[in-house]
Amino acid sequence: MKNPLEKYEVVIGLEVHAQLLTKSKMFSEAPNQFGANPNEMIGPVCSGQPGSLPIINQTAIDLGVRAGVALHCKIHEESVFARKHYFYPDLPKGYQISQYERPYCTGGYVEFALKDGSTRKINLVRIHFEEDAGKSTHASHGTLVDLNRAGVPLIEIVSEPEMRSSEEAGQYLRKLRSILRYANICDGNMEQGNFRCDANVSIRLHGAKEFGTRVELKNINSFRYVEKAIDYEVGRQADALEQGEKIRQETRGWNATKGVSEIMREKEMAHDYRYFPDPDLPPLVISPQLIQKITTEMPELPDAKRVRFIEEYQLSEYNADVLTNSQELADFYERVAKGSGNAKSAANWVMNELLGRLNAVGKEIDDTPVSAENLALLVKNVDSDKISGKIAKTVFDEMFASGKSPDAIIAEKGLVQISDPAALEAVVKKVIEASPSEVAGYKAGKTKLLGFFVGQVMKETKGQANPGLVNDLVKKHLDG
Amino acid sequence: MLSRDEVLKIARLAKLSLTEKEIEFYQQRLGRILTYVEELNALATADTSVVRTIPKDAVAFREDRPMPFSDVRELLKNAPASEADSFLLPQVME
Amino acid sequence: MDFNRLEILDLLEGYQRKEFSPTEVAQSLLTSIEKKDSEIRSFLQVRPDVTLDAARAVEKRSSEMQKLPLYGVPIAIKDNILVTGWQATAASKILKNYVAPFTAMCVERLESAGAVILGKTNLDEFAMGSSTENSGVAPTRNPWNTDRVPGGSSGGSAAAVAAGFAPASLGTDTGGSIRQPASLCGLVGVKPTYGRVSRFGLIAFASSLDQAGPLTRSVWDAARVLECMAGYGGKDATVSRSVVPKYTENLNESAFGTVRNLRVGVCTSWLEGVDPEVRASFEAAVEKLKELGMRPVEIELPNVKYALSTYYLVATSEASSNLARFDGVHYGYRTPNPKDLNDLYCSSRGEGFGPEVKLRIMLGTYALSAGYYDAYYGKANQVRRLIQQDFEAAFEKCDVIASPTSPTTAFKIGEKISDPLTMYLSDIFTLPANLAGIPGISVPAGVDSGKLPIGMQLMGRHFDESTLFQVAYCYERRRGALANPPWRSKSGAGA
């Protein structure tokens with residue numbers, strides 16, 4: 001179907017699992033460390049030995065509360081840990097300790113902007129604590145199970161099914177990730193698996209009151225794929241409906257290589273998890289004092305920073321949103337803006353030149369070869385007419401490649417803009433004398449030829465002439 | 001007496017293989033016990049407060065300090081099969 | 001010298017007077033086990049070299065004897081409690097070759113107090129049973145009469161102490177599994193208040209009911225073991241942080257003054273259907289309590305008749321969950337040729353677990369399953385609260401509650417195993433204490449005409465083991481020595 005969105009409305013709800021930045025696991029003392037050798041970071045509790053018992057990591061709770069505050073949730077004074085039973089090799093106890101009927105947070109919301117500048121507010125259903133499972137790797141002769149990840153603390157953040165486009169889903173995730181990173185709750189790295197997203201996608205006719213059958217989409221392991229996977233799934237469902245088929249409620253995995261979603265084999269025939277409150281743990285008590293303490297200690301979060309950026313730096317909603325995407329990026333931008341004294345220009349350079357280039361080589365702002373101080377200097381150089389905007393781009397290229405300061409590069413390459421009228425006059429005269437036929441053409445009325453002369457002067461001066469000044473001088477000599 | 005289907009359904013959830021004899025045996029035994037425990041339904045418990053078994057002064061928390069286990073190889077030693085520090089399952093997963 | 005008849009107090013005094021040493025005692029007991037346990041089958045594992053090494057290590061600390069309240073005392077440990085380097089099989093095929101990678105908190109504390117681990121004892125598989133006939137290895141025999149059961153599930157622990165192989169052992173009690181075998185074997189057995197002793201290192205059966213505790217030949221000995229093994233430890237979220245009292249401090253003449261005028265609650269309606277000799281013995285015991293100055297008070301426990309149903313839903317539900325980890329993947333038995341993952345699970349568990357265990361897992365799975373939770377597990381927990389309230393009300397009127405420990409004396413091996421409910425009824429007096437979380441102690445009250453032991457149970461308020469020990473101590477002194485217990489016979493085992 002060509003454009004499913006003309007006929008159908010998309011309904012998306014997202015479930016995010018975020019690993020908490022603790023040093024040890026949720027219920028086990030074993031270290032919470034990514035990338036270790038198999039089964040190096042395990043102990044009796046997370047490997048489910050007989051006789052082992054869970055003890056709650058206080059910091060995990062603190063980080064969870066921080067998330068609840070940052071996402072404007074209602075944080076419950078008492079919540080309950082429950083056992084969720086299923087059999088799988090990466091789940092050593094045969095159950096996962098999670099929260100079921102009484103999670104620690106309900107409600108809350110995430111606000112973000114879209115490309116067209118409009119804003120969205122997506123409500124959350126709940127957030128709850130749970131422990132992560134281990135990893136199984138399939139080899140030719142069998143399956144290898146590594147329990148390093150088993151027991152790592154997670155919060156599961158469930159949104160209401162209020163998103164209506166794949167773009168909304170992508171922006172929601174980016175915003176959620178940035179809040180969690182700002183508040184040092186989670187690293188937000190999808191590729192490393194510490195920030196995971198499942199999407200519930202359904203479609204219905206515009207104006208319909210009932211929701212369509214929803215499909216759960218898993219295995220989206222990069223931000224790049226979120227919009228793609230959802231768009232594909234919407235298309236698939238629309239095609240099915242158009243052909244008179246019914247959508248089956250199922251779980252599908254995103255296959256990035258093929259660019260399609262595929263049915264996943266069910267882990268359990270019937271999902272009867274037999275939840276019951278874990279008798280090894282008392283109810284989780286989160287006191288108002290703890291919430292107060294965590295609220296007071298909260299760093300400036302993206303929304304507050306965004307609002308401040310809009311006011312202080314006169315940025316658009318969208319630009320402010322992009323620049324506050326991460327703590328590091330926001331800090332970087334502020335240093336450029338303050339250092340150069342030109343917030344708008346700073347925003348352009350960071351967003352249009354720097355970010356694009358970093359993205360292309362797969363780097364983050366943390367690894368920028370161009371320092372904030374140097375970029376600020378570059379902006380100042382343009383503002384003071386030391387170099388033209390065009391030359392600045394060349395300088396920037398070199399800055400990105402070498403990490404050198406703009407002043408060093410300008411000096412090395414002799415790129416200082418020529419703004420001395422006397423010097424330029426000489427070149428202008430030379431060019432005019434060398435092109436008599438164009439002069440004649442210009443005087444005959446082809447005023448567009450002005451550009452030709454300007455171009456020739458720029459060529460003569462290797463682009464270093466102040467273009468505005470050249471324009472004026474050429475005009476003066478031709479007209480005069 | 002529970003039906004054969006009911007016993008098989010429970011055995012599936014509990015991941016227990018049963019022989020034919022066992023199915024009959026459990027149909028009977030489970031049936032008997034379930035009949036016995038029916039007596040609880042007669043009791044009025046609507047206003048009963050939640051049962052609390054854990055002492056009020058129990059502390060469920062610990063500091064976020066990683067304590068590596070003394071020897072993780074001991075944990076692998078009890079594995080039915082292992083390879084290169086991983087637990088090993090035979091070719092049974094798709 | 002025959003160490004099999006010595007109590008812990010005797011051993012400590014003997015060590016103090018340098019009459020004998022921990023290695024001598026350990027060696028003697030190990031020899032006794034080697035010679036006579038083939039008949040009783042109380043032990044599943046002994047490691048003489050390890051035990052003697054431990055005894056020698058303790059001896060090196062003889063100068064600190066005063067600071068080691070269990071200096072050189074050999075203790076047998078039920079095989080569902082982990083001790084590093086020793087097996088921990090729970091008497092199940094599914095854990096046949098499992099070697100414990102860590103030590104249970106309660107055992108660690110005993111070792112710190114100078115105790116020496118003598119061996120791992122037999123039990124009903126995964127502590128599910130009341131006779132030790134459900135052991136995946138072999139049934140244990142009662143040293144008082146080897147045709148009979150020692151009780152269960154801590155039957156091995158009870159038999160080991162009754163046979164004179166050990167002065168003390170650890171058992172676990174979920175529905176009576178320490179108290180009932182203590183009663184059937186003429187011993188003192190204590191189930192502490194839920195949350196008094198850490199469950200870290202106990203192979204879990206029912207998390208909200210399990211407690212580890214001592215089986216000994218005297219009340220003083222039980223008090224000494226409990227005061228050493230109890231306490232927080234930081235690895236169990238369900239343990240009280242309160243300081244563990246030194247229970248033995250009050251077990252002397254001063255106890256008589258304390259127990260005088262205490263009120264002892266008796267629920268007469270509860271005693272219906274009890275074996276007449278057991279009843280007679282119990283009533284005589286209550287008379288003795290009166291002689292001590294205690295005042296019997298009639299109490300009501302209107303909901304204890306539902307204890308069996310409540311227990312069998314709560315305990316099996318929790319057990320079905322706790323035993324989900326035995327799946328043939330990370331440890332334990334794995335079926336040899338599974339055709340797929342589901343088969344690996346089902347066959348490993350189907351072949352590895354015994355029939356009683358499977359029965360309870362299925363019952364528990366059913367009680368937690370979708371659509372049945374409210375009627376079964378949910379409802380049972382509500383009734384549990386009613387039972388707790390019964391005890392709260394009763395303890396307004398009395399300070400301890402007395403009952404027989406078991407409705408019968410030791411039954412014949414094979415006698416009850418065919419009908420689950422008959423077997424389950426053995427626990428009728430002990431179940432309520434687990435459901436309410438209160439402490440209970442069984443003390444020998446006499447023997448029946450077949451010379452089989454009868455026990456009296458005393459239950460107390462939460463964390464009031466002190467009172468229980470004092471009443472039990474005074475009663476024990478009043479009652480006098482037991483006639484011809486098997487640990488005092490020449491051979492040391494078997495009547």
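Predicted model: local features only at pLDDT ≥ 70, side-chain atom pairs only at ≥ 80, totals over all residues.
Local features were required to have pLDDT of at least 70 and side-chain atom pairs pLDDT 80 or more, whereas totals for chains, interfaces and linings use all residues. Residues are numbered from 1 along each chain as its sequence is written, chains are lettered from A in the order in which they are written, and side-chain values use heavy atoms, without hydrogens and water.

Chain A contributes 45 residues to the contact and chain B 28, contact being defined as heavy atoms within 4.5 Å. About 3200 Å² is buried between the two chains, 60% of it from carbon and sulfur atoms; buried area is the accessible area (1.4 Å probe) lost on putting two parts together, summed over both. On the side of chain B, the most area is lost by B:F61, B:R62 and B:D64, which together give 23% of what that side buries.

Between the chains, 16 residue pairs are in polar contact, both residues being at pLDDT 80 or more (a pair of N or O atoms within 3.5 Å, one able to donate a hydrogen and the other to accept it; residues adjacent in sequence count only if both atoms are side-chain atoms). The number of salt bridges is 0 (a side-chain nitrogen of Lys or Arg within 4 Å of a carboxyl oxygen of Asp or Glu).

Strand β2 of chain A (residues 56-57) pairs with β1(B) in the parallel sense over 2 bridges, where strands are DSSP E runs of at least two residues, numbered from the N terminus, and pairing requires at least two DSSP bridges. Within this pairing, A:I56 has B:F61 as its bridge partner.

Key:
Helix = DSSP H or I, 4+ residues; strand = E, 2+ residues; numbered from the N terminus.
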